[in-house]
Amino acid sequence: KTLTSQTCCKEIDASTMAVLTHLLAILFGVGSWVSINGLWVELPLIVPQVPEGWYLPSYLSVLIQAANVGPLVVTLMHRLRPGVLNEAAVIYVIVAVGAVASFLLAFFWKETVVVAGSPRSLALLVLTFFLATVDCTSSVTFLPFMMHLQPHFLTSYFVGEGLSGLLPALAALVQGVGLVRCVNGSRSLNHSGHGTGRLEAQYQPSNFSAEVFFFFLSAMMLVSLAAFLLLDLHPAVVRQQPDPRYSTRSRERFRSSRKRAEQRPMMDLFRPQNHKPRSSLGSSSCSQKQLIFIFVVLGWVNALSNTVLPSVQSYSCLPYGNGAYHLSATLAAVSNPLAGFVAMFVSIRSLVFLGFLTVLGTLIGSYIMLMAALSPCPLLVNDGSGAAIMVLAWILLIFFLSYVKIIIGVILRDEGHSALVWCGAVVQLGSLLGAVAMFPLVSVYGLFSSGDPCSTSCP
C-alpha cells in the first residue's frame, strides 16, 4: 500500500508539473509580441496627441522592420560562431529591455523634441525601436529555447504567442480605444438650426489613460520574464526535459557540444541513429524540395498574417461599420490562440494538408484585399451580410494561417535547434517582405481609401 501511495503521489506530482510547465510556456510565449501588438492597438489614443499624427503608423512600420537587425545578428552568430551565443542570457536581456522600455513609455510617450525645426516624438520612436528589437529577436531565441522542453510544450508556447495579440486587444477594448459614437452632424445646419441628418463619427473618451495601458504592457513582460526564469532554472521543470543534456548538471557540457551540433546539416540535428520520423515528411530528414516548401509556406503565411493584410484591415472593414471593424479585430485576435488549442489535440502534419490550408487562407486573404481595394464601396456594403462575411473572413484567415504556422513549428522542432533558429528567421523575413511590399502601396501611393464608419454613401 505504501509503494502504491508513493507511486500515485509521484504520478500526481508529475501531472501537476506538466500542467505548470504548460502554463509557464504559455506565459513565456505572451512576452514574444505583446509590446508591439499593444502599441498598435493603442494608436487611436496616441495619434491625436503626438505631432506626427496619422503618419506615426508609417514611421513605426519602418522602425519595426529596421529592428530586424536583432534577429539578423542572432542568426549570423549561430551560423558563423556556432555554440558561442548564450541563448538564455539573450532572452533574459531582451525581455528585461522590453519591460523597461514599456515602463518608460508610460512617462515619455507624449514628450517632444524639436528636430530640424519641427517637434518630434523622439522618445516614443526610440523606445518603440527597442520594443521592436525585443519582439523581432524573440522569433529566433524563444523558439529555439523550447527545444529544451518536451515537444508537446511547444504548442503551449504558440498559444501564448497568440495571446500576445489577444490580451492587448482585450485591454484596449476595456479601455474603450477607438470606440465611435455616430452623432448627427453639426457642421452644416439647415435654416431651422438643426443638423443636416448626416452622421459623423465622434470618438469616445477612454476609460483609462495610455499611461496605465503601458504599465499593463510592462507587467506582461515581467510575467513573461518570471515564467522564463522558472522554465530555465526551476528543477521541477527541468525534469520535464526529454534529454539529460538539458539537466542542470550537464547543461555546460551540452553548451560545449552545441558548436559541433550546429555545424551538422540542419535537419539532422540531435537525431539519434534509431530515430523514427514523427512528421509526415516520410523520411528521417527533409528532402531539399520539402525543406524549400516548408520555408516558402512559412514565409508566405507570415507575410499575409503579420503585415500584408493587417495593413489594409481598416480599409476592408470600416465601410461595413465601426462594429464590423472592432469585431473583426477582436475575434481575429481570438482565432490565433484558438488555433494553438486546436493544434494541441488535432495535429495534422501532412504537408499536403498544410498546403491546402495555405491556399484556402490565401483565397480568403484575396477576398479581403479586394474589398479593401474597393473601399469605401466594397461588395454588399449596405447589407448586413457583407459585414458578417467580412468578420468571418478575418476569423477564418487568422485561424487557418495560425494553424499552419504552429504545425510547421512543431515539425521543425522535431528537426532540431538550428531548424527552429531558421524558422524564426524566416518568420521575420516573411514579415519584412510583406511590409516592404505594402508600405508604398498604402502610405506612398495611397491606393486605398478608408470608409466612414458612420455614413458610407455609395451608388
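How exposed is Val334? At 33% relative accessibility, Val334 counts as partly exposed, a class that lies between buried (under 20% relative accessible area) and exposed (over 50%), computed with a 1.4 Å probe and protein chains only. The legends below describe a predicted model, in which local features need pLDDT of at least 70 and side-chain atom pairs count only at pLDDT 80 or more, while totals for chains, interfaces and linings use all residues. Residues are numbered from 1 along each chain as its sequence is written, and side-chain values use heavy atoms, with hydrogens and water left out.

**Figure 1. Overview of the protein chain.** The chain has 18 helices and 4 strands; these are DSSP runs numbered from the N terminus, helices being H or I with at least four residues and strands E with at least two. Of the 459 residues, 50% are buried. The chain exposes about 21300 Å², of which carbon and sulfur atoms supply 66%; accessible areas come from the Shrake-Rupley method with a 1.4 Å probe, and for residues only the protein chains shown count as cover. Among contacts (heavy atoms within 4.5 Å) with a separation of 6 or more, 80% are between residues 24 or more positions apart.

**Figure 2. Confidence along the chain.** The mean pLDDT (the predictor's confidence in each residue, from 0 to 100) is 79, and 79% of the residues score at least 70. Over residues 253–284 the pLDDT is below 50, and this stretch has 70 contacts in the model beyond near neighbours in sequence. Confidence is lowest in helix H12 (residues 251–262), with a mean of 46, and highest in helix H16 (residues 351–374), at 94. Residues 242–251 also stay under 50, with 23 contacts beyond four places in sequence. Where pLDDT is low, the predicted coordinates should not be read in detail.

**Figure 3. Nonpolar surface patch that includes Val334.** Val334 is found in helix H15 (residues 322–345). The patch consists of Leu327, Leu331, Val334, Leu338, Phe341, Met344, Phe345, Val346 and Ile348, which together have about 770 Å² of accessible area. Patches are made of residues with over 30% relative accessible area and no salt bridge; like charges are joined within 9 Å, and nonpolar side chains (Val, Leu, Ile, Met, Phe, Trp, Tyr) within 5 Å.

Figure 4. The structure holds 16 aromatic pairs. One of these pairs, Tyr157 and Phe158, is edge-to-face, at 5.7 Å centre to centre with 65 degrees between the planes. Rings of Phe, Tyr and Trp (its six-membered ring) pair if their centres lie within 6.5 Å, with planes under 30 degrees apart counted as stacked, over 60 as edge-to-face and the rest as tilted. Tyr157 and Phe158 are both buried.

**Figure 5. Salt bridge between Glu211 and Lys110.** The structure holds 1 salt bridge, defined as a side-chain nitrogen of Lys or Arg within 4 Å of a carboxyl oxygen of Asp or Glu. It joins Glu211 to Lys110, whose closest N and O atoms are 4.0 Å apart. Glu211 lies in helix H10 (residues 210–233) and Lys110 in the loop between helix H6 (87–108) and strand S1 (113–115), so the pair ties together parts that are 101 residues apart in sequence. Glu211 is partly exposed at 22% relative accessibility, as is Lys110 at 42%.

**Figure 6. Loop between H16 and H17.** Pro376 is found in the loop between H16 and helix H17 (384–415). The peptide bond from Ser375 to Pro376 is cis, with omega near 10 degrees. Leu380 has its place in the loop between H16 and H17, and its phi is near 55 degrees, a positive value in a residue other than glycine. Most residues other than glycine have a negative phi, and most peptide bonds are trans. Leu380 is partly exposed, with a relative accessible area of 40%.

**Figure 7. Surroundings of Ser121.** Ser121 lies in the loop between strand S2 (118–120) and helix H7 (122–138). Ser121 is buried, with a relative accessible area of 0%. Leaving aside neighbours within four places in sequence, Ser121 is in contact with Val50, Pro51, Glu52, Glu111 and Thr112.
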